[in-house]
Amino acid sequence: MQPTISPRLGDELVRVLKLMQAARSRWPGPAEGLDSSAFPILFVLSREPQRVSEIADTIHSDVSTVSRQVAGLIRSGFVDRTPDPEDRRAQVLTLTQDGRDIIATHRRLRDEWLSRLVGDWPDEDLTALTNLLARFGDSLQDHLGGPQDGIS
């Protein structure tokens with residue numbers, strides 16, 4: 001049986017997406033030498049080394065775009081390319097220390113921002129929001145047909 005979807009759900013989702021877009025435009029940009037469109041690649045690589053094709057699947061982009069972005073990340077010193085130990089013909093990408101530092105700084109700034117937004121919320125509400133967002137993200141990811149641990 002399908003759940004009854006209230007029109008308010010869609011309205012609130014659109015409102016939050018618009019507000020997040022506005023908040024994002026005010027957010028400090030990525031580090032010098034880092035194209036903001038390539039930023040999700042760093043988050044993917046912060047979990048584990050991956051091939052370009054795996055990254056493209058995770059962020060729902062095409063391999064040629066990700067390859068171009070990765071080339072810039074390598075030139076900027078945020079990503080290294082090494083031979084894949086399982087297939088020496090392929091290459092695996094890993095974060096450099098500078099790449100790990102950018103992710104750590106971004107997460108710290110994001111956590112500070114979130115603390116200002118919801119710092120007065122009870123822990124139970126924060127846990128519920130986190131769990132529901134994860135569940136919603138999983139449903140959206142399933143609908144899009146891609147890997148489960150996407151972009152941070």
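Contact, as the word is used in these legends, means heavy atoms within 4.5 Å. Helices (H or I, at least four residues) and strands (E, at least two) are DSSP runs, numbered from the N terminus. This is a predicted model, in which local features need pLDDT of at least 70 and side-chain atom pairs count only at pLDDT 80 or more, while totals for chains, interfaces and linings use all residues. Residues are numbered from 1 along each chain as its sequence is written, and side-chain values use heavy atoms, with hydrogens and water left out.

**View 1. Helix H2 and its surroundings.** The buried residues of H2 pack against H3, H4, S1, S2 and H5. Here buried stands for under 20% relative accessible area, exposed for over 50%, and partly exposed for the values in between (1.4 Å probe, protein chains only). Because seven of its nine residues are buried, H2 is largely enclosed by the rest of the structure. The buried residues are Phe39, Pro40, Ile41, Leu42, Phe43, Val44 and Leu45.

**View 2. The largest nonpolar core.** A nonpolar core is a set of buried Ala, Val, Leu, Ile, Met, Phe, Trp, Tyr and Cys residues joined through side-chain atoms within 4.5 Å. The largest one has 21 residues, and those with the most contacts inside it are Ile41, Leu42, Ile55, Val66, Leu73 and Val79. Two or more residues come from each of helix H2 (39-47), helix H3 (52-59), helix H4 (63-75), strand S2 (87-95) and H5, with H2 giving the most, six residues. If residues up to four places away in sequence are not counted, valine 66 touches Ile41, Val52, Ile55, Ala56, Ile59 and Ser61.

**View 3. The hairpin of S1 and S2.** Strands are said to pair if DSSP finds at least two bridges between them. Strand S1 (residues 79-84) and S2 pair in the antiparallel sense over six bridges, and the two strands form a hairpin with two residues between them. One of the bridges joins proline 83 to its partner in S2, glutamine 91.

View 4. Side chains of opposite charge can pair when their charged atoms come close. A salt bridge is counted when a side-chain nitrogen of Lys or Arg is within 4 Å of a carboxyl oxygen of Asp or Glu, and by this rule the count comes to six. In helix H1 (residues 7-26), glutamate 12 and arginine 8 are four residues apart and so separated by about one helical turn, and their side chains meet in a salt bridge (3.9 Å, N to O). Glutamate 12 is partly exposed at 28% relative accessible area, whereas arginine 8 is exposed at 58%. In helix H5 (residues 97-118), glutamate 112 and arginine 108 are likewise four residues apart, about one turn of the helix, and the closest N and O atoms of their salt bridge are 3.1 Å apart. A network of salt bridges links Arg51, Asp84, Asp87 and Arg89; within it, the side chains of aspartate 87 and arginine 89 meet at 3.0 Å, N to O.

**View 5. A nonpolar patch on the surface.** Leu13, Leu17, Phe136, Leu140 and Leu144 form this patch, with about 470 Å² of accessible area together. Such patches are made of residues with over 30% relative accessible area and no salt bridge, like charges being joined within 9 Å and nonpolar side chains (Val, Leu, Ile, Met, Phe, Trp, Tyr) within 5 Å. Accessible areas come from the Shrake-Rupley method with a 1.4 Å probe, and for residues only the protein chains shown count as cover. H1 and helix H6 (123-144) each supply at least two residues of the patch, and H6 gives the most, with three.
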